[in-house]
Amino acid sequence: MRLHRLILFVLLLATSCNQQDRSNENAIDEFIEQKMQDSGLVGLATGILVDKKLVWAKGYGFADRENAVPFTTSTIMNIASITKTFTGALVMKAVEENKISLDEDINKYLPFKVINPYFPETKITLRHLATHTAGIADRSPVYDGSYYYGGDYPDPLGVFLRDYFSPDGKYYSKENFLNARPGSRNSYSNIGAGLAGYIVEESTGKKLFEYSKENIFAPLGMNNTCWRLSDVKASLHSKLYDQKGDSIKLIPWYGLATYPDGGVRTSVSDLSKFLICLVNEGQSDGGQVLKKESVQEMTRPQFNESNKPDSLDLSKGNEGIFWWISQDGKEGHDGGDPGVMTNMWYDTRRNIGVIMFTNTTPKNGSKHFMSLDSALWIFAQHLKDNASKSN
């Protein structure tokens, strides 16, 4: 069924290639609306980049179904693990300012020690944290309990991390670490990302919401982007939904103990400015936000056959600094949390990109979301081709 509808979408698009742009848009609208109906997605917004510019963006469905509030490209919602790309950019900004080093022992920056009990003599570095090779595990049920429903997480980030990593902490266990030498195994870690963000806070003397506003959000004009629920105008923030069978359940807004791994709240319109800045080597209309060298380090493949860690399949992709580089040319990140599915990718070979948010955990997991994503890449290439013809 997914393949059938994708083929139908391509045929619709092909028949409209020589017609007006509105006909082309009708094809993608019809496909998205049908897939949302099939999957039970309440609200969705997407943006398409061509040649490092946002050329098309649109919202569908509802940010608040109960009150019929439309989901638009300015609707704010938490973006889950795409947040890590902001944490990566802030790490690189702190490196620019000589506050930290990617390859220094992280204990140089921390008020408590982080030591892998299986390899106590091996240092852990920020590069390890940012490439998910630090040997830190997201141990259940501790990590599952780090979601705080109803508001921002009440305790400071450092309190949770101290309790997780210090031997006298209430969450400490040897199982918080992998039995793998730091740098030797690739294993995704949200708590590791939280630790990286905390190191930025400790080394700069500023909380991430302050440091990012000063160095990223304000320079890029990301006026509807923040970290904390308390900083969001409630009328602009999408409600979140979970689909169970034929029923849709409202999920309360929540904060995260380890917010550097998933706490940013933004819109498709704002996020496009950040992605454009990164693919444009740190530049924006307002000037140089990050040094070219910083972005190049953040987005370059960190591993090759001679130094790759276990369980990283280079035939599928490579790690940057909280950045994923796939072998098909797409770079960026995706995210998933309760009531949240997000994508932010740019194809450096074709020079097109896709951003997509939905405020619903669909009944069939990511299947419908990925089908939508595939259709949007087809549409993005169509817009790219049309732009080339018109030039």
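Colleague: What share of the contacts with a separation of 6 or more comes from residues 24 or more positions apart?
Modeller: That share is 68% in the protein chain. Keep in mind that this is a predicted model.

Colleague: Okay. How many helices and strands are there?
Modeller: The protein chain has 10 helices and 17 strands.

Colleague: And what is the radius of gyration of the protein chain?
Modeller: It is 21 Å. A compact globule with 391 residues would have a value near 21 Å, so the two agree. The C-alpha atoms fill a box of roughly 65 × 45 × 40 Å along the principal axes.

Colleague: How much of the chain is buried?
Modeller: Of the 391 residues, 56% count as buried.

Colleague: Let's go inside, then. Which residues touch the most other members of the largest nonpolar core?
Modeller: Those are L129, F165, L195 and F274, in a core of 78 residues. Helix α8, residues 268-279, gives the most to this core, with eight residues.

Colleague: Pick L195. What does L195 touch, leaving out residues up to four places away in sequence?
Modeller: L195 touches I106, L110, V114, L129, I136, L161 and F165.

Colleague: Switching to sheets. What is the strand order in the open sheet of eight strands?
Modeller: The order is β3-β2-β1-β16-β15-β14-β13-β12, and the pairing is antiparallel. The edge strands are β3 (69-70) and β12 (317-319), and each pairs on one side only.

Colleague: What holds paired strands together in a sheet?
Modeller: Strands of a sheet pair through backbone hydrogen bonds.

Colleague: Zoom in on β13 and β14. How many bridges join them?
Modeller: Two bridges join β13, residues 324-326, to β14, residues 330-337. I325 stands opposite E331 in β14.

Colleague: New topic: rings. How many aromatic pairs does the structure hold?
Modeller: It holds 13 aromatic pairs. Take F112 and Y198: their ring centres are 6.0 Å apart and their planes are at 15 degrees, so the pair is stacked.

Colleague: Where do F112 and Y198 sit in the chain?
Modeller: F112 is in the loop between α3 (83-96) and α4 (126-130), while Y198 is in helix α6.

Colleague: Which residues form a cluster through ring pairs?
Modeller: Ring pairs link F160, Y164, F165, Y171 and F177. F165 also came up in the largest nonpolar core.

Colleague: And which ring does the charged end of R228 sit over?
Modeller: The ring of F209, 3.6 Å from its centre.

Colleague: Last one, S189. Is S189 buried or exposed?
Modeller: S189 counts as buried, at 5% relative accessibility. It lies in the loop between α5 (157-165) and α6 (190-204). Leaving out residues up to four places away in sequence, S189 touches K84, H132, I136 and D138.

Technical notes: Residues are numbered from 1 along each chain as its sequence is written. This is a predicted model: local features need pLDDT of at least 70, side-chain atom pairs count only at pLDDT 80 or more; totals for chains, interfaces and linings use all residues. Side-chain values use heavy atoms; hydrogens and water are left out. A nonpolar core is a set of buried Ala, Val, Leu, Ile, Met, Phe, Trp, Tyr and Cys residues joined through side-chain atoms within 4.5 Å. Buried means under 20% relative accessible area, exposed over 50%, partly exposed in between (1.4 Å probe, protein chains only). Helices (H or I, at least four residues) and strands (E, at least two) are DSSP runs, numbered from the N terminus. Contact means heavy atoms within 4.5 Å. Two strands pair if DSSP finds at least two bridges between them. Rings of Phe, Tyr and Trp (its six-membered ring) pair if their centres lie within 6.5 Å; planes under 30 degrees apart count as stacked, over 60 as edge-to-face and the rest as tilted. A charge sits over a ring if NZ of Lys or CZ of Arg is within 6 Å of the ring centre and within 35 degrees of the ring normal. The radius of gyration is taken over C-alpha atoms; the globule rule is 2.2 Å times the number of residues to the power 0.38.
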